[in-house]
Amino acid sequence: MPAFAWVCVVIGFIILWFYGIQLIIIAFRESIAWGLMYLFMPFANLYYVISRWDKCKSPFLKSLLALPFIILGFYLLNTSIAGPGYEMIDGLTQL
C-alpha cells in the first residue's frame with residue numbers, strides 16, 4: 001500500500017508542477033516584471049491570478065485536481081505506516 005500512496009503523491013505534485021509552470025509562463029508573457037514578481041514577491045502570484053482570472057482560470061482550476069491525489073496519498077501513507085505495530089506501541093505507553 002505505501003507504493004500506491006507514493007504514486008498518488010507523486011502524481012499530485014506532477015500536476016501541481018505542470019500547471020504552476022503554465023501560470024508562470026502566463027505571467028512572463030505579460031511582462032518580465034510580472035514574471036519576476038510572480039516568482040519572488042509574497043502574494044504577488046495570488047494577486048496576479050485573481051486580477052487576471054480570465055487568463056489564469058483554466059490552469060489554476062486544473063491544478064486543483066492535484067489536491068485529491070495528494071490528500072489520498074498522504075492519508076494512505078499515514079494509515080499504512082501506523083499499521084498494527086503502532087497499536088502495540090500505543091498499548092505499551094498506557095501501562
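Contact here means heavy atoms within 4.5 Å. In this predicted model, what covers the buried residues of helix H2 includes helix H1 (2–30) and helix H3 (44–51).

Helix H2 spans residues 32–40, and its buried residues are Trp34, Gly35 and Tyr38. These residues lie on the same side of H2, because they cover an arc of only 100 degrees around the axis. An α-helix has 3.6 residues a turn, so residues three or four places apart point the same way.

The contact of H1 with H2 can be followed residue by residue. Two packed helices are described by the angle between their axes and the distance between the axes. For H1 and H2, the axes come within 5 Å and cross at roughly 145 degrees. On the H1 side, the residues that take part are Leu23, Ile24, Ala27, Phe28 and Glu30. They meet Ile32, Trp34, Gly35, Leu36, Tyr38 and Leu39 in H2. Sorted by type, the residues of this contact comprise 9 nonpolar, 1 polar and 1 charged. Trp34, Gly35 and Tyr38, the buried residues of H2, are among those that meet H1.

Glu30 leads on to the salt bridges. Side chains of opposite charge can pair when their charged atoms come close. The model has 2 salt bridges, counting a side-chain nitrogen of Lys or Arg within 4 Å of a carboxyl oxygen of Asp or Glu.

One of them joins glutamate 30 to arginine 52, with the closest N and O atoms 2.8 Å apart. This pair links distant parts of the chain: glutamate 30 belongs to helix H1, while arginine 52 sits in the loop between H3 and helix H4 (53–63), 22 residues apart. Glutamate 30 counts as partly exposed, because its relative accessibility is 32%. Arginine 52, with a relative accessible area of 16%, is buried, since buried means under 20%.

Glutamate 30 also forms a salt bridge with lysine 55, and here the closest N and O atoms are 3.2 Å apart. Again the pair links distant parts of the chain, with lysine 55 in helix H4 and glutamate 30 in helix H1, 25 residues apart. Lysine 55 has 40% relative accessibility and so counts as partly exposed. Through salt bridges that share partners, Glu30, Arg52 and Lys55 are joined into one network.

Notes:
Residues are numbered from 1 along each chain as its sequence is written. This is a predicted model: local features need pLDDT of at least 70, side-chain atom pairs count only at pLDDT 80 or more; totals for chains, interfaces and linings use all residues. Side-chain values use heavy atoms; hydrogens and water are left out. Buried means under 20% relative accessible area, exposed over 50%, partly exposed in between (1.4 Å probe, protein chains only). Helices (H or I, at least four residues) and strands (E, at least two) are DSSP runs, numbered from the N terminus. The arc is that of the directions from the helix axis to the C-beta atoms. Axes are lines fitted to C-alpha atoms, for helices over the stretch in contact, and angles run from 0 to 180 degrees between N-to-C directions. Ala, Val, Leu, Ile, Met, Phe, Trp, Tyr, Cys and Pro count as nonpolar, Asp, Glu, Lys and Arg as charged, and the others, Gly among them, as polar.
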